[in-house]
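Hello,

Here is the structure for you to look through. My notes follow below it.

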Amino acid sequence: LAIGPGQGSCGEAAYRKKRIIVADIAGDAIGEHCRGHALENGLRACWSEPIINSSAEVVATFGIYYEVVKMPDAEELRVIDRSNSLLKIILENRLQSEMLEETSSLMAQGQDLAHFGTWQWDIGNNAVSWSDALYHIYDRDHHSFKASFQGYLELVHPDDRERVHHLISGVLKTKTDVAFEERIIRPSGEIRYLKSW
């Protein structure tokens, strides 16, 4: 059913972005477009709650149906409130997880296509993480090569190593971006030219 006025309590709740209580489906105008279907299936009351995300968008509705004409009491309203809060958290976490997974997948595909890799360095803990594409560029295995700043420097051509170390040390002191080129040596002895930002 379309979201809008008269489209049942869930359609109305999503449209108005507020709780809709239909205690008697047979006599309430809110369900006029779907009343027949509800009554044919023995439904006499429906309470609907919109699930609204942090961007103020309705992402779902939570509906409770009854086979009798019924208004909610105070405890039932508290259950609806708690259910709404829980569903909001579940749906937002799921959506964010899916977006993060999709973004990571697109980034990995883009890196492979462009021969472009990324790395992160937690300087305080000296923890370095490399993207899959970067391991491929350096022709290193995730399991046998532990990414670290020192490990990276050892892969840089000996003639470039001091200059690269100086450039990166400068970035840490000045906190300004820098772009530079360096040569790396792969396990086969092949030399590759990289540009780093």
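**Aromatic rings, sheet and one lysine**

Ring pairs join Trp130, Tyr135, Tyr138 and Phe145 into a cluster. Please keep in mind that this is a predicted model.

Now the wider count. Searching the whole structure turns up 6 aromatic pairs. One of them is formed by Trp47 and Tyr66. Their rings are tilted, at 4.5 Å centre to centre and with 45° between the planes. This pair links distant parts of the chain, 19 residues apart. Trp47 sits in strand β2 (residues 45–52), and Tyr66 sits in strand β3 (residues 58–66).

Are these two residues buried or exposed? Trp47 has a relative accessible area of 2%. Buried means under 20%, so Trp47 is buried. Tyr66 has a relative accessible area of 22%. That value lies between 20% and 50%, so Tyr66 counts as partly exposed.

Another tilted pair is Trp130 with Tyr138. Here the centres are 4.8 Å apart, with 35° between the planes. Trp130 and Tyr138 are both buried.

Two charged side chains lie over ring faces. Lys70 is over the face of Tyr66, at 5.5 Å from the ring centre. Arg140 is over the face of Phe145, at 5.6 Å from the ring centre. Phe145 also belongs to the ring cluster with Trp130, Tyr135 and Tyr138.

Next, the sheet. It is open and has 3 strands, in the order β1-β2-β3, with antiparallel pairing. β1 (20–22) and β3 are the edge strands, and each pairs on one side only. From one strand to the next, the twist averages 15°. How many bridges join β1 to β2? There are 3, and the two strands run antiparallel. Val22 stands opposite Cys46 in β2.

Last, a lysine to look at. Lys88 is in helix α3 (residues 74–114). Which residues does Lys88 touch, leaving aside those up to four places away in sequence? They are Ile51, Ile52, Asn53 and Ser54. Lys88 and Ile52 are 36 residues apart along the chain, yet their C-alpha atoms are separated by 6.9 Å. The relative accessibility of Lys88 is 31%.

Best wishes

How values were computed
Residues are numbered from 1 along each chain as its sequence is written. This is a predicted model: local features need pLDDT of at least 70, side-chain atom pairs count only at pLDDT 80 or more; totals for chains, interfaces and linings use all residues. Side-chain values use heavy atoms; hydrogens and water are left out. Helices (H or I, at least four residues) and strands (E, at least two) are DSSP runs, numbered from the N terminus. Buried means under 20% relative accessible area, exposed over 50%, partly exposed in between (1.4 Å probe, protein chains only). Contact means heavy atoms within 4.5 Å. Rings of Phe, Tyr and Trp (its six-membered ring) pair if their centres lie within 6.5 Å; planes under 30 degrees apart count as stacked, over 60 as edge-to-face and the rest as tilted. A charge sits over a ring if NZ of Lys or CZ of Arg is within 6 Å of the ring centre and within 35 degrees of the ring normal. Two strands pair if DSSP finds at least two bridges between them. Axes are lines fitted to C-alpha atoms, for helices over the stretch in contact, and angles run from 0 to 180 degrees between N-to-C directions.
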